[in-house]
Number of protein chains: 2
Amino acid sequence: MTQSIRVTAGLVVIGDEILSGRTQDANIAYLAKWLNEEGVALNEVRIVGDDRLAIIEAVNALRERCDYCFTTGGIGPTHDDITVDAVAGAFDVEVVYNEEALQMLATYYGPQELTEARKRMARVPDGGGLVRNPKSSAPGVRKDNVFMLAGIPGIMRGMLEGLRGELAGAEPMLSDAVTVFAPESEMAEGLAAIQDAHPEVSIGSYPFFRRGQIGAELVVRSTNVDNIPPVLAAIRRAAEAIDAEWVDGEATA
Amino acid sequence: MTQSIRVTAGLVVIGDEILSGRTQDANIAYLAKWLNEEGVALNEVRIVGDDRLAIIEAVNALRERCDYCFTTGGIGPTHDDITVDAVAGAFDVEVVYNEEALQMLATYYGPQELTEARKRMARVPDGGGLVRNPKSSAPGVRKDNVFMLAGIPGIMRGMLEGLRGELAGAEPMLSDAVTVFAPESEMAEGLAAIQDAHPEVSIGSYPFFRRGQIGAELVVRSTNVDNIPPVLAAIRRAAEAIDAEWVDGEATA
C-alpha cells in the first residue's frame with residue numbers, strides 16, 4: 001500500500017448565533033468539500049461563541065495540530081466581531097491596520113465615509129495579510145497558517161475562490177459508494193471483515209430510514225482510485241450473501 | 001443586575017461524513033434550541049472523525065468544562081460505530097452489555113435474530129445506562145454527565161424527547177430582535193455604545209445581503225424578560241438617528 005502524505009486543516013466556527021441554534025451553519029460542509037478538492041483533509045471543527053478566550057484556545061489548538069486553520073465569522077465592523085483581535089492574541093502579536101485594506105475601504109466607501117467602525121475591517125494581526133475575494137471588495141485575513149473568513153456564506157465562498165491553488169495540498173481523497181437496502185445491522189459483520197481485509201481504504205456506513213425504505217450507504221474512500229472497485233465488489237457480494245438488493249452510488253446523491 | 005446561574009453543555013459530533021462534507025449536519029441547531037428550552041446553554045461544539053483518540057480527547061475536554069456533554073453519531077451496529085468504546089476509554093472503564101438493552105433488542109429482533117452485530121447496540125460504558133426513546137425502540141446511552149445520542153436526526157430527536165425535564169437547567173435565555181435596513185457598519189458605533197450601557201444583555205449583530213436589501217438583525221438576549229425592551233428601544237432610536245428603516249423581529253424569521 002502506498003503511503004500518502006496527509007495534509008490537514010482545522011476549522012473554528014465563531015458565533016453565538018450558531019450555538020444558540022438561531023442560525024443553521026452553512027459553511028462547514030462547503031469548506032470541507034472545497035478543502036478536499038485542494039487535497040486537504042478537514043480534521044476537526046470547533047464551534048465557539050463570540051468569546052475572546054474561547055477563540056484563542058480553539059485557534060491555538062487547531063493551528064498547531066493541523067497544517068492549516070480556518071475561521072469563519074466575526075470579521076465585520078460591529079462590537080461582537082472580535083476574530084482578528086482573538087487571533088492576534090493567539091499569536092501574541094498586536095493588531096495593526098493593513099494599508100492595502102484601508103485603500104480598498106476608502107475606494108469602496110469614499111474617504112469621507114471611512115468611519116472608525118468601517119476601519120475596523122482593515123485590521124489584521126501584525127505580520128498578517130489579506131485573502132483576496134474575486135467576487136467582492138471584502139477580503140479575508142491571513143496570519144501565517146490561519147485564514148480568517150467571513151461568516152456570511154456568499155462572502156466566505158468568494159474568499160475561498162481567492163484561495164484556490166494557494167494551499168499545499170496532497171492527493172485528493174476519492175470515494176465511491178454502494179447503497180444496500182437492508183438494515184445496517186445485517187451488513188455489519190460482512191463489512192467488518194471487508195474493512196479488515198482492505199486496510200488501504202476506509203469504509204463508512206451511513207444508515208437511512210426514509211420513504212418506507214431501510215438501508216445504508218456504504219462509502220469507500222482512498223487517495224488511490226484503483227483501491228476502490230475491488231472493495232465495492234466485495235460489498236456487493238456481501239449484500240447478495242444476505243439476499244439484499246443494492247444499487248451503485250448513493251441513494252441520496 | 002441579577003446574577004443568573006449558567007448551566008452549560010458541550011456537544012461532540014462524531015462522524016467522518018460531516019468532516020468530508022458528504023453530510024450536512026442537522027443536529028447542532030436542533031440540540032441548541034432544545035437545550036435552551038431546558039435552560040441549558042450550548043457552550044462549545046467539536047466535530048471529530050470516527051477516531052477513538054479524537055473522540056476521547058473531545059469528550060474529556062467538554063465533560064469536564066461543561067455541566068453536560070452530548071455526543072451524536074457512532075452508536076449503531078457497524079465497525080465504524082465506536083462512540084461507546086471511546087467514551088468508556090474517556091472514563092477509563094470497561095464496556096459491558098446492558099441487560100435492559102439486550103432485552104429490548106431481543107424483543108425487537110426476536111432471540112434468533114439477535115446477532116453479535118446487533119448486540120453491539122446494547123453495549124454501554126460500565127456504570128452507564130440508557131436514554132429512553134419514546135418514539136422508537138432505539139435508546140441512547142448515558143454515562144454520568146455524558147449522553148450518547150444517535151446521529152440520524154429523527155432518532156436523535158426521539159432520544160431528546162426521552163430526556164425532557166431530566167437536566168438540571170437554569171433560567172432559559174430569552175431573546176428578541178430588531179431588523180435594521182442599513183449596512184452593519186453604519187450601526188456599529190451606536191450599537192457598541194448601547195452594549196456598553198447595557199451589560200445586563202448581550203447584543204448580537206447578524207448582517208444580511210439578500211433580495212437587493214442590506215441590513216442586520218440585532219438580537220438582544222437576557223434571562224430576564226424585563227431587560228430586553230429598553231435595549232430594543234435604544235436600537236430603534238439608533239436606527240432612526242442614521243435615517244435607517246427598521247422593523248421589529250427578525251426579517252428571516
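Analyst: Two strands pair if DSSP finds at least two bridges between them. Keep that handy, and bear in mind that this is a predicted model.

User: OK, what makes E2(A) and E2(B) partners?

Analyst: Five bridges join E2(A) to E2(B), and pairing takes at least two, so they qualify as a pair. The two strands run antiparallel. For one bridge to look at, Glu44(A) has Val48(B) as its partner in E2(B).

User: Which sheet do these strands sit in?

Analyst: An open one of twelve strands with mixed pairing, ordered E6(A)-E7(A)-E8(A)-E3(A)-E1(A)-E2(A)-E2(B)-E1(B)-E3(B)-E8(B)-E7(B)-E6(B).

User: Why are E6(A) and E6(B) called edges?

Analyst: Each has a single partner strand, so one side of each has no neighbour in the sheet. In chain B, three bridges join E6(B) to E7(B), running antiparallel, and Leu130(B) stands opposite Val141(B).

User: What makes Val59(A) stand out in the largest nonpolar core?

Analyst: That core holds 94 residues, and Val59(A) is among the four that touch the most other members, with Val12(A), Val12(B) and Val59(B). Leaving out residues up to four places away in sequence, Val59(A) touches residues including Val12(A), Cys69(A), Ala86(A) and Val146(A).

Conventions: Residues are numbered from 1 along each chain as its sequence is written. Chains are lettered from A and ligands numbered from 1 in the order in which they are written. This is a predicted model: local features need pLDDT of at least 70, side-chain atom pairs count only at pLDDT 80 or more; totals for chains, interfaces and linings use all residues. A nonpolar core is a set of buried Ala, Val, Leu, Ile, Met, Phe, Trp, Tyr and Cys residues joined through C-beta atoms within 7 Å. A residue is buried if 20 or more other C-beta atoms lie within 10 Å of its own, exposed if 12 or fewer, and partly exposed in between; C-beta atoms are placed from the backbone. Two residues are in contact if their C-beta atoms, placed from the backbone, lie within 7 Å. Helices (H or I, at least four residues) and strands (E, at least two) are DSSP runs, numbered from the N terminus.
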